[in-house]
Amino acid sequence: MQPQSETELSKMIADATGPLRIMGGGTRPIGRATGEALSTTGLSGITLHEPGALTLVAKAGTPVAEIESVLAAKNQRLAFEPMDHRTLMGTTGAPTIGGVVAANVSGPRRISVGACRDFLLGVRFVDGAGNIIKNGGRVMKNVTGYDLVKLMAGAYGTLGVLTEVSFKVLPSVEAEVTLALTGLDDATAIKAMSATLGSPYEVTGVAHNPESGLTQFRLEGFDASVAYRADGLAKLLAPFGTLEHVIADWATVRDVTDFAGRAGDVWRISVKPSDAASFGAKIGADAVRYDWGGGLIWALCPTGTDVRAAMGETTGHATLIRGTGQTFHPEPAPLAAISDGLRAKFDPRGILNTGIMG
Amino acid sequence: MQMPAPDTRVFDRKDQIVAQLRAVLPAAAVITELSETRAYECDGLTAYRCPPMCAVLPSTTAEVAAVMKICHDMDVPVVPRGAGTSLAGGAMPTADSVILGVAKMNDVIETNYYDRYIRVQTGRTNLSVTGAVETDGFFYAPDPSSQLACAIAGNIAMNSGGAHCLKYGVTTNNLMGVTMVMMDGTVVEIGGGHLDAGGLDLLGVICGSEGQLGVVTEATLRILPKPEGARPVLMGYDSSEVAGQVVTDIIQAGVLPVAIEFMDRPCIEATENFAHAGYPMCEALLIVEVEGSDAEIDAQLALIMKIAAKHNPVELREAKDADEAGRIWLGRKSAFGAMGQINDYMCLDGTIPVSELPFVLRRISEMSKEFGLDVGNVFHAGDGNMHPLILFDANKEGDLELCEAFGAEILKLCVEVGGCLTGEHGVGIEKRDLMHVQYDAPDLEAQMAVKDVFDPKWLLNAAKVFPLDASQTRRAI
């Protein structure tokens, strides 16, 4: 199925007799959905870009690349820096903006500016009964009714098929520098990262790679400001070593390309930064990467490793991004009941990406 | 404002209900005398009042859970209340309801600078959250005008904003976790010190649900390192069109000020008479504030001043020191008080696309003549969140109704140009019956379906947010 309009999509869903597997560009095979493929790529195109209002509205099947190029032409960008999963997952195709929203995909800048869901201003979607629903809008402040916008971000299509999304976009920056410390152990590196995030220097990326020994800090903004803050960081981090300018490669951090082609399961783990080093050490991983100042751990583990078993009292959650176990972290019973209840309301027949988040 | 008739089945059992509540709460925490319940008869929307059947002031999450379970089992409506500063009637009781106030719950539970969060009980005031961390160089970013008084519970319920959310976002962007008591007394923990939800973003839909999905008793809030400094600049222009263009140009230039505030002539005149801030008499005044080190501020302001100067300002004034910065903010911060000194006023908060600013201001001014009521505009221009203040005389028969009709027309205009009914105050009862303007039936149905899941009996703050006809069958259960 490849509907060419929202109305057509609505009819297809209403008439569907079995489960539907919703696809954008097909680049993020996270979780297992079964059923007939329903592609959103027929719903494509940027509906509105108003640079002076920092707003962009696009149909869900619009390629991310198209959006990024239109924004770049006006010196703007999607500030949450959506990850491209293709290299890690070994997929091809063109990632769509709807897929980014459905999986709430962000990148290293998430730690300073917020996640995809924080920039999402409005959605249109078709629920499991075929109803066309809108929520939010195109303005930056909107508390009119419940915020289903956030609920749809990261729902992996289980509450409805997105047809249109609107975003707050931000200006691109004049200058970007990446500074790095080398040779720190994980715990010390995370301490250093935390120190910068607790400083007024507005770092927009903080990542640690134990294999290369590089702990990276990104500064962005106007030239003079970046230079000033680089000085500040050097002083702040003096107890940890000498800060060196390095060639920025945040795409590698963002896309976890280091783990591509390496055997094993890939886990994405969200924990408090203060828990990150000890947790990273006890999951039996072949390799780990720390992003978001330690708040995000990417772990490459031997096939079949149960990372969640190590959680114990550690708060957070682990998602199996590449591998064949249970994809999403089981929720505590009362929350699972709410989630199941919401899915039953929005998709009463249980046909949208059935079981993908189970 | 129509409210559903009180449920006599509840009222007739008042003694029984109160006895049950007294069994789980200290004596002083259950308030039943009319002389005392009157204190809870309204919130910041003072035009509408109704004392509740009783009010309870629990001190712990366990006590809140016990109250909720009793009310759930006895089918008693509950209206949660933070500090009662809502401008939309979000905390207004019904005669058959129990007001559940969280004011006694105001402790700081944990501060964690390493992971940059603070965990508080939600009766704590917004400003005192910052107060708990500022000596260590941190702050809590959302800053509603009522921040001295308003509680975090209400901030979460209404997804409150403030003057500085252009850069830092609103409550939902700074909320990491909650402890919430469901209507049936179940206590749930959502999120915490880590980032991003594991499953569905329940936190996202709870924030801004106007106390209809549960009572949030504890919250984990993101705290941020304080910027090294901040400095405002004041600009005056001959027309709001030009001022609107300046806002757009600044935003497009790649500077992201922390605040861009706008005042029109009626507001400037009122505040000058009231606060004597030394504002220029002109059609439109902008206050633009940037943050950073001195050098960074200089660089950003140089760019902003250059843009501002291109549009022939009648005045362009950069704060040279803290005293001048204070004077620039003085008028803006006293604007509501100044307008209130002239007359009663109703404060709207529709949001519009920034590009529609000149058109909407012109239409408001035309409508002001049609309705014969004065209106002043003071608002967050960077994000299009307007605050038209309509002046009326509450003692003059029919004036309130006229004012509400005018307000409704302004809000419809906001929706027509691509905006929304409310940017940061919430729907409450005030904008409840206008929801049809922004949302079609299936849109409202989808939102109400969420409430069905959290509160199947529709006992929690039920007569708010959704037009009464739309929620009728659900509330009748």
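Author: Helix α11 of chain B covers residues 294-310, which makes 17 residues. From its first C-alpha to its last it reaches 24 Å, close to the 24 Å expected at 1.5 Å a residue; that expected span is 1.5 Å times one less than the number of residues. Helices here are DSSP runs of H or I with at least four residues, strands are runs of E with at least two, and both are numbered from the N terminus.

A word on the source: this is a predicted model, in which local features need pLDDT of at least 70 and side-chain atom pairs count only at pLDDT 80 or more, while totals for chains, interfaces and linings use all residues. Residues are numbered from 1 along each chain as its sequence is written, and chains are lettered from A in the order in which they are written.

Now look along the helix. The buried residues of α11(B) are Glu296(B), Ile297(B), Ala299(B), Gln300(B), Leu301(B), Ile304(B) and Ala308(B) (buried: 20 or more other C-beta atoms within 10 Å of the residue's own, with C-beta atoms placed from the backbone). In chain B they pack against β12 (230-237), α9 (240-252), β14 (284-291) and β15 (315-318), and in chain A against α9 (223-236). After the helix comes Asn312(B), with a positive phi near 50 degrees.

Stepping back to the two chains, 69 residues of chain A are in contact with 75 residues of chain B (contact: C-beta atoms, placed from the backbone, within 7 Å). On the chain A side, the largest share, 8 residues, comes from helix α12 (residues 333-346) of chain A.

How values were computed
A residue is buried if 20 or more other C-beta atoms lie within 10 Å of its own, exposed if 12 or fewer, and partly exposed in between; C-beta atoms are placed from the backbone.
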